[in-house]
Amino acid sequence: MRRFFIFAAAAAALMASAQYITTNADNDQTPQVPPDQKLRFAEKVIETYYVDSVDANKIVTEAIVAMLKTLDPHSSYSDPEETKELTIPLEGNFSGIGIQFNMLNDTLFVVQTTSGGPSEKVGILPGDRILQAGDSVMSGVKSPNSRVLKILRGPKGSEVTLKVLRKGVEEPLTFNIVRDDIPVYSVDASYMADPETGYIRISRFAEATDEEFQKALAELRKQGMKNLIIDLEDNGGGYLNAATELASHFLDKGDLVVYTDAPKMGAHKYFVEKAGDMRDGKLVIMANQYSASASEILSGAIQDNDRGLIVGRRTFGKGLVQRPFPIPDGSMIRLTISRYYTPSGRSIQKPYTAGEGDDYRMDMLHRYEAGEFSSADSVHFADSLRYETLKNRRPVYGGGGIMPDQFVPIDTTMFTPYYRDLVAKGIINRYSLTYVDNNRKQLKQTYPTEQKFIDNFEVTPDMLQEIVKMGENDSVKYNAEQFDKSALMMRTVVKGIIGRDLFTTSTYFKVVNPVLSPVYREALQLINDDERYNRLLKGE
């Protein structure tokens with residue numbers, strides 16, 4: 001009885017204040033509490049009177065998360081740690097020691113050092129094992145990547161002492177490293193796919209993406225590039241401005257790239273401010289079902305302006321724009337503030353019901369079950385969502401992703417449960433890293449250049465049998481039929497990982513793309529077939 005009295009008294013005290021009272025439709029002076037005051041009241045009552053002790057911060061956080069869930073599937077909350085992990089890839093740099101690493105059998109291996117970074121400057125080498133960083137033991141314990149990153153990163157100018165074990169050296173080595181800004185690259189690979197065709201893979205759209213892209217273009221031009229393939233497969237997006245900057249390279253001054261419409265903030269159109277430096281030459285964009293957001297802005301701008309062709313499968317379908325709202329404690333709300341539209345006027349946002357995100361998240365499974373990844377005929381668009389490209393008047397559709405100009409079905413012919421389990425257990429990656437670690441000196445002598453490695457290195461049957469043994473030791477039962485089916489995929493991926501370790505990330509894609517990517521092969525064939533390229537571009 002007393003608890004009810006306390007609650008009633010508290011409520012009465014709150015409602016008694018005139019600032020909380022508004023008249024309802026019947027003008028009967030019924031107290032109406034503004035939503036923000038109602039939330040504060042609820043939190044205060046719980047914190048003050050709940051029978052057990054409570055974490056007020058947790059209550060408020062859960063309330064924020066719950067509120068955002070009633071909106072669209074892309075509005076979200078992140079705590080301070082999650083916010084750091086989300087923003088680092090997009091901001092383009094962080095402060096650390098400058099290594100790529102891998103945890104292998106509870107041992108922290110250096111895969112590569114960042115060129116010109118702090119670790120390279122003091123002499124850290126690929127293959128080194130980091131035993132200790134400061135007071136933290138790094139090897140011999142199961143450390144998640146998040147813990148390793150937290151230890152190795154730190155403020156610019158701060159110092160960390162590493163104890164390192166190097167193959168061929170009996171005693172551990174000690175290195176004092178001063179942390180510095182380390183770039184996070186969004187251009188994963190760039191190379192000449194043939195004498196006239198360049199290839200650039202972009203993994204995200206970040207602050208420095210356009211700068212990286214321009215650098216890659218300049219290098220490819222030196223090698224004779226006339227045409228370009230941009231690989232946006234699995235690119236989940238990023239900053240809208242980064243996408244508009246990239247699109248501007250290929251369009252004429254005054255061309256529309258994208259426009260946004262926000263009922264509470266108005267509309268904004270993004271035009272090309274000066275003629276692009278890549279207006280000539282053929283352009284093909286590779287995309288798939290995981291190409292989203294900024295990837296779709298770039299793809300939509302190129303398609304709607306009839307500047308190039310999209311090859312692959314229907315993209316994700318994210319036509320909502322989020323704005324970050326930082327909270328002083330380091331957490332952040334990413335709130336959807338507008339919708340964006342491609343130059344032809346289409347929204348490519350796939351349908352969703354506010355507050356019901358589960359079905360939205362299952363969309364890829366629904367597409368797969370409908371046969372969409374295997375056949376273009378399984379993709380259906382409503383006639384009411386039909387639009388036309390701006391120059392050639394080709395039909396394009398809104399309402400759920402960018403439909404490619406040339407559909408390429410997913411290739412599962414080499415994928416088996418046996419291969420999946422090897423990958424899931426980390427066997428493929430562990431074997432490849434161990435192989436390089438045991439043979440690095442010999443490999444460098446035998447294959448002093450990337451091209452010699454690509455042309456001459458082979459993954460032997462004995463190497464594959466070692467992978468089989470590693471799998472069996474880790475509960476992956478050997479299946480002869482599935483092994484034979486996946487053997488080419490296994491050999492190709494292992495060679496790609498070894499090449500990436502010895503040279504650069506581009507090496508991996510040079511090895512893997514021609515063998516395992518049907519979208520890449522189609523893009524290359526199309527860009528070298530003038531008649532078919534022009535026919536598709538005209539919508540014939």
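**Note on the predicted model: a helix pair, a cavity, a pocket and a salt bridge**

1. Start with a helix contact. On one side are M463, L464, Q465, I467 and V468 of helix 15; on the other are F483, M490, R491, V494 and I498 of helix 16. By class, this contact of helix 15 with helix 16 has 8 nonpolar residues, 1 polar and 1 charged. The model is a predicted one.

2. Next, the geometry of that pair. Two packed helices are described by the angle between their axes and the distance between the axes. Helix 15 spans residues 461–473 and helix 16 spans residues 480–502. Their axes come within 11 Å and cross at roughly 100°. Angles of 65 to 115 degrees count as roughly perpendicular, and helix 15 and helix 16 are therefore roughly perpendicular to each other.

3. How many cavities of 30 Å³ or more does the structure hold? There is 1. The largest cavity contains about 50 Å³ of space. Its lining is made by F109, V110, V111, G127, L433, D437, R440 and D501. Two elements give two or more residues to this lining: strand 4 (107–113) and helix 13 (427–446). By class, the lining of the largest cavity has 4 nonpolar, 1 polar and 3 charged residues.

4. Then the open space. The second largest pocket has a volume of about 1,200 Å³. It is lined by 42 residues. Closest to the pocket centre are G238, Y239, Q322, P324 and R334.

5. Which elements give two or more residues to the lining of the second largest pocket? The helices are helix 4 (80–91), helix 8 (240–248) and helix 9 (294–304). The strands are strand 13 (256–262), strand 14 (266–271), strand 17 (320–326) and strand 18 (332–341). Helix 4 gives the largest share, 7 residues. By class, the lining of the second largest pocket divides into 21 nonpolar, 13 polar and 8 charged residues.

6. Last, the charged pairs. A search of the whole structure finds 26 salt bridges. One of them joins E219 and K222. The closest N and O atoms of this pair are 3.6 Å apart. Both residues belong to helix 7 (residues 209–222). E219 and K222 are 3 residues apart in that helix, so about one helical turn separates them.

Conventions. Residues numbered from 1 in each chain as written. Predicted model: local features only at pLDDT ≥ 70, side-chain atom pairs only at ≥ 80, totals over all residues. Heavy atoms only, no water. Axes fitted to C-alpha atoms, helices over the stretch in contact; angles between N-to-C directions. Helix = DSSP H or I, 4+ residues; strand = E, 2+ residues; numbered from the N terminus. Parallel < 35°, antiparallel > 145°, perpendicular 65-115°, else oblique. Contact = heavy atoms within 4.5 Å. Nonpolar A, V, L, I, M, F, W, Y, C, P; charged D, E, K, R; others polar. 1 Å grid on protein atoms, 1.4 Å probe; cavity = no way out; pocket = protein on both sides within 12 Å on 5 of 7 lines; lining within 4 Å. Points joined across faces, edges and corners; volume = space filled by probe spheres on them. Salt bridge = Lys/Arg side-chain N within 4 Å of Asp/Glu carboxyl O.
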